[in-house]
Structure formats: C-alpha cells, structure tokens
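Here is a short briefing on one protein model. Please look over the sequence and the coordinates before reading the points.

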Amino acid sequence: MTVPGRTYEIGSHLPTEEMSASARLLGKVIRSQMNEDNVVRVKFQNGSEQVLEIDAKLAKLLVEVMELLEEGEGVTFVPISKRLTTQQAADILNVSRPYLVKVLDRGDLPFHKIGRHRRILARDLFEYKRLRESKRSATLKTLIESDGDLY
C-alpha cells in the first residue's frame, strides 16, 4: 500500500534467479490471458476463478516491469508527489548535478527550497524529461531529413 510522501523499497537487491523466473511466468500469463476487452481470467489453485479487468496501459506497464525483472534488472518506482534532491533528479535525467542546478536556475524546471536545499517534485521532473526527449526526437528527425536532402 502506498502512503503519500513515503517511498517503499521493493527488495534491497537486484532480482534473484527465482524472482526473474517468476517475473517471466507472470508476464507470460498477463500477455496470454489478456483479451481485446483487457480482461484477464485468473484461476487459483483451489479451483476458483477471478475475472480481472486491467487497463491496457497498466497491463503494458506490468509486462514491461516483468520483462525487466526477468532480465535481472532492478526497478524503482517513484511516486509523482515525491520531492527529489538535486542529486536524485540529476541521476534520473542522467546529467550532472551542477548541470541540473543551472537548469533550475534558468527556470526551465520548477523547484522549491527547503532551507538552502532545492527540491524538485517528481511530477515536474518527469514532465521536463518528456519535453526534453520530445524536443530531442524532433531535432534528430529534422537532422535526418536534412541529411537526406544532401544526397
């Protein structure tokens, strides 16, 4: 259960071989049991059956998480209401902390201060990341198109 403002660590280590095998099986079950109405039928060992309606985006997310765990990758969930330190935000963006501070000081990404420390709302960080990746993709597409014009 999630409590606003708290983060729960799901395991403190990378997935074990057993966890990876379970993830592979669960991902396979979700993919194979999902029908066009996003309904999954689950049969339990005692013979009872439960019908679950799973949103298509949630099903896709679950399958992606299972695939990552299957590959032995760790997964971290960050509630969008969480306030991140500049180092945590820089790690998520894969940039240096000093570069992120410049981004904050330019006003490109909202933040607030707690004492002298800057905090970034995860919701704002992920929106900034989406916009940045969108601009990057558009620029790359333009470069590829203009490169094709040279030949």
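The mean pLDDT of the protein is 82, and 83% of its residues reach 70 or more. Residues 1-10 fall below 50 in pLDDT. That stretch still has 9 contacts in the model beyond near neighbours in sequence. Where pLDDT is low, predicted coordinates should not be read in detail.

**Overall architecture**

- The protein holds 5 helices and 5 strands.
- Read from the N terminus, the order of elements is α-β-β-α-β-α-α-β-β-α.
- The protein has 151 residues, and 20% of them count as buried.
- Take the contacts with a separation of 6 or more: residues 24 or more positions apart account for 50% of them.

**The three-stranded sheet**

- Three strands form an open sheet in the order β3-β5-β4, with antiparallel pairing.
- The edge strands are β3 (83-84) and β4 (112-114), and each of them pairs on one side only.
- Strands of a sheet pair through backbone hydrogen bonds.
- Between β3 and β5 (residues 117-121) there are 2 bridges, and these two strands run antiparallel.
- Arg83 has Leu121, in β5, as its bridge partner.

**Helix α3**

- Helix α3 covers residues 86-93.
- Its buried residues are Thr86, Ala89, Ala90 and Leu93.
- Viewed down the axis of α3, these buried residues fall within an arc of 100 degrees, so they line one face of the helix.

**Ala122 and helix α5**

- Ala122 lies in helix α5, which spans residues 122-149.
- Is Ala122 buried or exposed? Ala122 has a relative accessible area of 0%; buried means under 20%, so Ala122 is buried.
- Leaving aside residues up to four places away in sequence, Ala122 touches Val78, Pro79, Ile80, Lys82 and Leu84.
- One of these, Leu84, belongs to the edge strand β3 (83-84).
- Ser81 is 41 residues from Ala122 along the chain, and their C-alpha atoms are separated by 6.1 Å.

Conventions
Residues numbered from 1 in each chain as written. Predicted model: local features only at pLDDT ≥ 70, side-chain atom pairs only at ≥ 80, totals over all residues. Heavy atoms only, no water. Helix = DSSP H or I, 4+ residues; strand = E, 2+ residues; numbered from the N terminus. Buried < 20%, exposed > 50% of the residue type's maximum accessible area, 1.4 Å probe, protein only. Contact = heavy atoms within 4.5 Å. Pairing = 2+ DSSP bridges. Arc of directions from axis to C-beta. pLDDT = per-residue confidence, 0-100.
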